[in-house]
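I opened a new structure today and kept notes as I went. The entries below follow the order in which I looked things up.

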Amino acid sequence: MLSDDALLRYSRQILLPSFDVEGQENVAASRVMIVGAGGLGCPAALYLAGAGVGEIVLVDPDTVEASNLHRQVAYRESDIGQPKAQALAAQLMALNSGIRVAAWPRAADANWLAEHLPGMTLALDCTDNFASRDQINRACHRAGIPLISAAAIRLEGQLAAFDFRRPDSPCYACIYGDGAAPDTLCSESGILGPVVGTLGTLQAHLALRLLTGAEVGGTLHLLDATTLTWRTLSLKRDPACPVCGH
Ligand SMILES: [Zn+2]
């Protein structure tokens with residue numbers, strides 16, 4: 001049961017027929033893990049906290065640097081040197097005191113994910129390297145927890161959801177394999193803040209859609225921010241996939 005305060009606070013999203021009171025109750029009962037508190041994780045976490053996600057778990061081993069501030073919108077100059085997980089958690093708790101936030105200033109390695117993913121409703125991959133993406137994909141697939149993955153570099157971005165509650169869901173490795181693909185790092189190639197912010201915002205959007213019962217898996221969305229055009233590719237499970245194939 002939502003309180004009168006909650007009905008008022010979340011009224012603008014509850015007004016949406018696809019959201020409604022039932023959607024708000026589902027959102028409030030959900031537990032979302034966000035791996036990576038950078039350019040994707042900042043907007044994703046802020047929107048999910050604002051929307052009233054009941055529990056948000058933040059994981060990131062890094063500290064805030066001056067070169068983060070052009071795109072990692074939750075941080076201020078006074079946060080430089082602070083662990084990102086804790087600095088972002090502080091922002092989320094200031095935004096919404098009615099939710100629970102846990103901060104883990106460490107890497108989400110395979111063992112940690114295996115221990116902490118069970119019981120989550122959903123995970124967001126907001127990391128910036130292939131090895132982390134591969135580990136998160138494997139862990140979510142194994143635990144049967146939906147995964148919303150995004151990446152952005154230069155003026156390009158990509159977004160996909162994998163609903164591992166469904167036995168026929170494709171996975172991240174169906175698209176990209178599990179080999180050690182060379183990472184394209186924004187520290188070398190560059191990134192524009194609004195581009196990565198758009199992708200992180202859309203991760204939160206897909207998360208809210210999934211938490212309110214919509215089907216969001218099975219499509220890869222590719223953004224070309226130079227021309228502001230999107231391409232969508234239908235994803236199919238690869239029977240020979242090294243992670244989810246047989
Ligand atoms: Zn796969």
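This is a predicted model: local features need pLDDT of at least 70, side-chain atom pairs count only at pLDDT 80 or more; totals for chains, interfaces and linings use all residues.

**Entry 1: Ser30.** I began with Ser30, which sits in the loop between α3 (20-28) and β1 (31-35). Is Ser30 buried or exposed? Its relative accessible area is 2%, so I wrote it down as buried. I then set aside its neighbours within four places in sequence and asked which residues Ser30 is in contact with. The list reads Val53, Gly54, Glu55, Thr121 and Leu211.

**Entry 2: the zinc ion.** Next I went to the metal. Which atoms coordinate the zinc ion? I found the SG atoms of Cys171, Cys174, Cys241 and Cys244, at 2.3 Å. Along the chain these donors follow the spacing C-x2-C-x66-C-x2-C. I looked at one pair, Cys174 and Cys244, which links distant parts of the chain. Cys174 belongs to helix α8 (residues 172-176), while Cys244 lies in the segment after β8 (229-234). They are 70 residues apart. Both Cys174 and Cys244 are buried.

I then checked the geometry. Why is the arrangement of the four donor atoms tetrahedral? The angles they subtend around the zinc ion run from 93 to 124 degrees. To count as tetrahedral, all angles for four donors must lie between 85 and 135 degrees, so the zinc ion passes. For reference, the ideal angle for four tetrahedral donors is 109.5 degrees.

**Entry 3: aromatic pairs.** I searched the whole structure for aromatic pairs and got four. I took notes on two of them.

One is formed by Phe162 and Phe164, and it is stacked. The centres are 6.1 Å apart, with 10 degrees between the planes. Phe162 is buried, because its relative accessible area is 1%. Phe164 is at 8% relative accessibility, so it counts as buried too.

Another is formed by Tyr172 and Tyr176. I recorded 4.8 Å centre to centre and 35 degrees between the planes, and this pair is tilted. Both residues lie in helix α8, four residues apart, about one turn of the helix. How accessible are the two? Tyr172 has a relative accessible area of 6% and is buried. Tyr176 is at 32%, so I logged it as partly exposed.

**Entry 4: Arg165.** I moved on to the loop between β6 (156-162) and α8, where Arg165 has its place. Its relative accessible area is 48%, so Arg165 is partly exposed. What does the side chain of Arg165 join? I found a polar contact of 2.8 Å with the side chain of Asp163. Leaving aside neighbours within four places in sequence, Arg165 is in contact with Gly144, Pro146 and Leu210. I also checked Arg209: it is 44 residues from Arg165 in sequence and 15 Å away in space, C-alpha to C-alpha.

**Entry 5: Gln203.** This residue is in helix α10 (residues 193-211). I read 0% relative accessibility, so Gln203 counts as buried. Where does its side chain reach? It comes to the backbone oxygen of Ile148, at 3.1 Å. Not counting residues up to four places away in sequence, Gln203 touches several others, including Leu40, Leu124, Asp125, Cys126 and Leu159. Ala161 is 42 residues from Gln203 in sequence, and I got 8.5 Å between the C-alpha atoms.

**Entry 6: helix α5.** I then took up α5 (residues 84-95), which has twelve residues. How far does it reach from its first C-alpha to its last? I got 16 Å, close to the 16 Å expected at 1.5 Å a residue. Its buried residues are Lys84, Ala85, Ala87, Leu88, Ala89 and Leu92. I looked for what covers them, and noted α4 (41-51), β2 (55-59) and β3 (100-104) among the elements that do.

**Entry 7: Ser11.** I finished in helix α2 (residues 11-14), where Ser11 has its place. Ser11 has a relative accessible area of 16%, so it is buried. A polar contact of 2.9 Å joins its side chain to that of Arg12.

Notes:
Residues are numbered from 1 along each chain as its sequence is written. Side-chain values use heavy atoms; hydrogens and water are left out. Donors are N, O and S atoms within 2.8 Å of the metal (3.2 Å for Na, K and Ca); water is not among the atoms, so sites may look incomplete. Four donors count as tetrahedral if all angles lie between 85 and 135 degrees; four count as square planar and six as octahedral if opposite donors are over 155 degrees apart and all others between 65 and 115; anything else is irregular. Helices (H or I, at least four residues) and strands (E, at least two) are DSSP runs, numbered from the N terminus. Buried means under 20% relative accessible area, exposed over 50%, partly exposed in between (1.4 Å probe, protein chains only). Contact means heavy atoms within 4.5 Å. The expected span of a helix is 1.5 Å times one less than its number of residues. Rings of Phe, Tyr and Trp (its six-membered ring) pair if their centres lie within 6.5 Å; planes under 30 degrees apart count as stacked, over 60 as edge-to-face and the rest as tilted. A polar contact is a pair of N or O atoms within 3.5 Å; within protein, one must be able to donate a hydrogen and the other to accept it, and residues adjacent in sequence count only if both atoms are side-chain atoms.
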